Amino acid sequence: MKLTSHEHKYFIEKLKPYMEHDTALTMRNYIQHGKTSTYEHCHDVARLSFLLNRRFRLKADEDILLPAAFLHDLYLYDWHIPGPGNRWHGYTHADIARRNAKEHFDVCGKVDDIIRTHMWPLNLTRVPKSKEAWIVCMADKIISTRETLNRK
């Protein structure tokens, strides 16, 4: 699925303050899955979240959806390097990303909750509660699967 030129312009306009922020740009230094940087991963999750919302007419709040999707993995470390904090990355990085999003961006409670719940069902007790949270959770699973399978 492709964005129309109008949608692309809107998407970039909404995410520009996040995408160009020095903290977010450091995500380019970390690999997410395969050869994909965390920055690229977050951009792709935001793009797919936007597309799913638009194409399926889900009427999610894009002012919440887009920042949450882009910031959902703002954990700022290489989880591939063995270390005490990286062992449980799948279970802990959402909290680290939330802290970083609060520290570097003025995120609201709903964005915070979307970041917190994006790893469901791995984190079984953190079930997405909003339409926006479900969209980001599903988009993250789709993009992560694609990145993992396309490692070559």
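**Reading the labels**

Tutor: Asp95, Arg98, Lys102, Asp112 and Arg126 are linked in a network of salt bridges. Keep in mind that this is a predicted model.

Student: How many salt bridges does a search of the whole structure find?

Tutor: The search finds 13 salt bridges. One of them joins Asp63 and Lys14.

Student: What makes the contact of Asp63 with Lys14 a salt bridge?

Tutor: The label needs a side-chain nitrogen of Lys or Arg within 4 Å of a carboxyl oxygen of Asp or Glu. For Asp63 and Lys14, the closest N and O atoms are 2.6 Å apart, so the pair meets that limit. The pair also links distant parts of the chain, with Asp63 in helix α4 and Lys14 in helix α1, 49 residues apart.

Student: Why are Asp63 and Lys14 called partly exposed?

Tutor: Buried means under 20% relative accessible area and exposed means over 50%, with partly exposed in between. Asp63 has 46% relative accessibility, so it counts as partly exposed. Lys14, at 27%, therefore counts as partly exposed.

Student: What about Glu62 and its salt bridge with Arg54?

Tutor: Their closest N and O atoms are 2.8 Å apart. Glu62 has a relative accessibility of 10%, so it counts as buried. Arg54 has a relative accessible area of 29% and is therefore partly exposed.

Student: How do you know that Arg116 and Asp113 form a salt bridge?

Tutor: Their closest N and O atoms are 3.8 Å apart, and the limit is 4 Å, so the pair qualifies. Arg116 and Asp113 both lie in helix α6 (residues 109–117), three residues apart, which is about one turn of the helix.

Student: Is Asp113 buried or exposed?

Tutor: Asp113 counts as buried because its relative accessibility is 18%, and the limit for buried is under 20%. Arg116 has a relative accessible area of 22%, so it is partly exposed.

Student: Where does Leu76 lie?

Tutor: Leu76 lies in the loop between α4 and α5. Leu76 has a positive phi of about 60° although it is not a glycine. With a relative accessible area of 23%, Leu76 is partly exposed.

Student: Which residues does a cis peptide bond join?

Tutor: The cis bond joins Trp120 and Pro121, with omega about 10°. Most peptide bonds are trans. Pro121 lies in the loop between α6 and α7.

Student: Why does Tyr77 count as buried?

Tutor: Tyr77 has 15% relative accessibility, so it counts as buried. Tyr77 is in the loop between α4 (62–71) and α5 (89–104). Tyr77 and Tyr30 are 47 residues apart in sequence and 6.5 Å apart in space, C-alpha to C-alpha.

Student: Which residues make the nonpolar surface patch?

Tutor: Val127, Trp134, Met138 and Ile142 make that patch of about 330 Å². Ile142 is in helix α7 (residues 131–149). At 47% relative accessibility, Ile142 counts as partly exposed, because the label exposed needs over 50%.

Definitions and conventions
Residues are numbered from 1 along each chain as its sequence is written. This is a predicted model: local features need pLDDT of at least 70, side-chain atom pairs count only at pLDDT 80 or more; totals for chains, interfaces and linings use all residues. Side-chain values use heavy atoms; hydrogens and water are left out. Patches are made of residues with over 30% relative accessible area and no salt bridge: like charges are joined within 9 Å, nonpolar side chains (Val, Leu, Ile, Met, Phe, Trp, Tyr) within 5 Å. Accessible areas come from the Shrake-Rupley method with a 1.4 Å probe; for residues, only the protein chains shown count as cover. Helices (H or I, at least four residues) and strands (E, at least two) are DSSP runs, numbered from the N terminus. Buried means under 20% relative accessible area, exposed over 50%, partly exposed in between (1.4 Å probe, protein chains only).
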